Amino acid sequence: PMDRYIRSVPPGHSLSTMPTDPLPLLKETASEIERAGAENVYSTTSGAWVREFGAELEKFEPFATIAAGWLVGPRGGGRIGAGVSGLWVWHRLLAGADPETVLAKATAAVAQNSYEAWDIRPARGITVGGRIDIEPTNFPSWDVEPVRERSRVPPPVAFLCRGVDLPISRNREIAFGEDAFDEMLPQDTAALVQTFVVEPALIPIDADRSMSHLSDAWEKRNAFAKRHRLALGLMSGGPVDMPITYCLGTKDNILSSEDGIFGTPRAPIFSPSKEVDIIRMLATVDLLGLMEKPKALELSIDRLMRSRLSRTTEDRIIDLGMAAEIVLMHVASGGGDGKGEITNKMSARAAWLLGKDVDDRIRIADATRDLYSARSKVVHTGEAEPKHLKRLDAWDKLVADIAIELLARSRFPDWKRLVLGD
């Protein structure tokens with residue numbers, strides 16, 4: 001079709017002197033696809049032809065502007081715009097889109113100079129039945145207003161969905177594909193998706209490409225995902241991992257792009273995926289946002305999550321012991337209280353934090369003392385005792401109960417007053 005379009009140039013004229021309207025080329029190409037059949041055209045067209053087609057398109061607007069610029073990626077990277085238009089237009093014509101619609105979308109994208117993107121993270125260990133929207137409430141780092149003011153696309157939201165329901169892409173196949181043992185993740189494995197706006201999407205090729213606002217937004221999304229992972233883990237009682245992420249731009253926007261996988265997959269999860277009470281999970285996220293100086297508690301919950309991913313009894317005991325010690329030896333002033341009699345302090349604090357009566361406090365104190373003693377034995381000998389394996393679930397629940405109780409208080413207690421009966 002491009003050959004016929006070029007031959008239609010009147011004698012004595014060149015393509016550069018033709019009207020700056022790519023629509024005749026688009027219509028001629030669309031007509032040829034319709035005559036020959038999209039499948040036949042797709043299977044017989046070479047990559048070199050598509051590149052030549054793109055180079056011809058880039059003589060016209062808005063494709064010339066795209067070719068002369070730098071397309072900004074979702075995380076702040078990007079690519080040169082030359083060579084992008086031909087493939088984007090070609091695939092839409094193959095799909096049967098009207099040439100007028102294709103041109104209008106490309107023109108509108110350049111005029112708007114922004115696109116919506118998705119930050120996608122597999123929530124391994126969690127399952128959902130369908131899309132569940134997450135509304136930002138008390139979470140301080142979920143800062144949406146600046147983007148709402150800048151953008152003409154819908155404001156950011158977050159949601160959980162099934163990984164299998166996400167748009168097909170190479171990154172989706174990696175993120176939700178085979179684990180280290182060549183076993184596919186369950187079809188209903190959840191994905192945490194945060195939508196955001198990339199603006200500007202197209203800048204001069206010699207402009208500053210630092211895009212600090214996208215880097216700042218990336219850090220906020222990391223914090224958002226971290227707290228939701230901790231909340232999902234606390235509410236599920238099982239291992240929850242979000243070891244990788246990728247960003248996917250709106251496919252119907254010519255300026256958008258897809259970032260590669262970021263992060264490193266860790267050990268596979270051995271237990272079945274669990275569905276959680278979303279209302280309780282969101283309440284837990286809010287409580288983490290309201291917690292005074294939450295870093296110690298977040299670190300403790302993270303160690304609890306790591307223990308559930310550990311492959312050996314020894315690793316689980318060490319992580320559970322660390323998770324308990326982090327919060328039970330943390331004082332409200334922000335420092336640690338690690339001077340002497342750690343085991344006694346931890347057992348007494350856990351007992352008074354959770355216990356409802358004397359017998360309950362004795363049981364909790366004994367369980368805490370046993371956990372920390374087991375942790376010390378593993379650290380010093382490298383081996384756990386067979387009886388420890390039977391206690392792992394009970395110790396896991398103990399640490400989770402401590403975290404949940406601290407969240408309910410929104411602060412670390414004055415331990416001295418607590419253990420004296422306040």
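These are exercises with worked solutions on the predicted model above.

The model is predicted, so local features need pLDDT of at least 70 and side-chain atom pairs count only at pLDDT 80 or more, while totals for chains, interfaces and linings use all residues. Residues are numbered from 1 along each chain as its sequence is written, and side-chain values use heavy atoms, without hydrogens and water.

**Exercise 1. Strand β3**

Task: Is strand β3 (residues 115–127) largely enclosed or open, and which strands does β3 pair with?

Solution. 
- Apply the burial cut-offs. Buried means under 20% relative accessible area, exposed over 50%, and partly exposed in between (1.4 Å probe, protein chains only).
- Count. Eleven of the 13 residues of β3 are buried, so the strand is largely enclosed by the rest of the structure.
- Take one partner. β3 and β6 (residues 189–198) run antiparallel and are joined by ten bridges. Ala-117 stands opposite Phe-196 in β6.
- Take the other partner. β3 pairs with β8 (residues 244–249) over four bridges, also in the antiparallel sense. Here Trp-118 faces Leu-248 of β8.
- Recall the background. In a regular strand, side chains alternate between the two faces of the sheet.

**Exercise 2. The three-stranded sheet**

Task: State the order of the three strands in the open sheet that holds β1, and the pairing.

Solution. 
- The order is β2-β1-β7, and the pairing is antiparallel.
- β2 (78–80) and β7 (202–204) are the edges. Each has a single partner strand, so one side of each is left without a neighbour in the sheet.
- Neighbouring strands of this sheet are turned by 30 degrees against each other on average, direction ignored.
- β1 (residues 69–72) and β7 are joined by three bridges. Gly-69 has Pro-204 in β7 as its bridge partner.

**Exercise 3. Helix α2**

Solution. 
- Use the rule. The expected span of a helix is 1.5 Å times one less than its number of residues.

**Exercise 4. Two helix pairs**

Task: Describe how α2 passes α7 (residues 99–112) and how α12 (residues 295–309) packs with α17 (residues 392–409).

Solution. 
- Axes are lines fitted to C-alpha atoms, for helices over the stretch in contact, and angles run from 0 to 180 degrees between N-to-C directions.
- Under 35 degrees is roughly parallel, over 145 roughly antiparallel, 65 to 115 roughly perpendicular, and the rest oblique.
- A crossing is left-handed if the near helix is turned anticlockwise from the far one by less than a right angle, and right-handed if clockwise.
- First pair. The axes of α2 and α7 come within 9 Å and cross at roughly 135 degrees. The two helices are therefore oblique to each other. The crossing of α2 with α7 is right-handed.
- Second pair. α12 and α17 pack at about 155 degrees, with axes 10 Å apart. That makes α12 roughly antiparallel to α17. The crossing of α12 with α17 is left-handed.
- Check burial. Twelve of the 15 residues of α12 are buried. Glu-298, Asp-302 and Arg-303 are among them.

Note on methods
Two strands pair if DSSP finds at least two bridges between them.
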